[in-house]
Amino acid sequence: PDMSMPFNVLSLSCSLYAYLIGTIVTLLVKRSSERMKYRLHPELKPPSKLKQLKSKILSKFQGRRSRSPPSKEDTNVESEKKLEGADDDDDDD
């Protein structure tokens with residue numbers, strides 16, 4: 001040990017405290033500025049995670065209700081159209 005050891009300890013501990021205090025102040029300022037922004041402009045506030053999840057689930061259920069499985073008649077008509085288009089291509093030769 002030499003005489004500079006107390007100085008090293010003091011400088012390291014002060015640096016650590018400065019880093020912690022700076023981080024805490026930054027977090028507090030960001031939170032308070034966001035709260036003020038949303039109080040002034042409530043339409044800018046993003047929806048909560050619960051509301052996002054709810055809307056996602058509802059949209060999936062509404063999408064399934066609106067889609068009906070294709071009937072056998074629809075698939076038969078589509079396959080006939082494809083076959084007719086394939087026959088037209090053969091006639092070009």
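Tyr19 lies in helix 1, residues 5–40. Helices here are DSSP runs of H or I with at least four residues, strands are E runs of at least two, and both are numbered from the N terminus. Tyr19 is exposed, with a relative accessible area of 58%; exposed means over 50%, buried under 20%, partly exposed in between (1.4 Å probe, protein chains only).

This is a predicted model; local features need pLDDT of at least 70, side-chain atom pairs pLDDT 80 or more, while totals for chains, interfaces and linings use all residues. Residues are numbered from 1 along each chain, and side-chain values use heavy atoms, without hydrogens or water.

The protein has three helices and zero strands, in the order α-α-α. Of its 93 residues, 1% count as buried.

pLDDT is the predictor's confidence per residue, from 0 to 100. The protein averages 79, and 67% of the residues score at least 70.

| Helix | Mean pLDDT |
|---|---|
| Helix 1, highest | 92 |
| Helix 3 (residues 72–91), lowest | 57 |

Where pLDDT is low, the predicted coordinates should not be read in detail.
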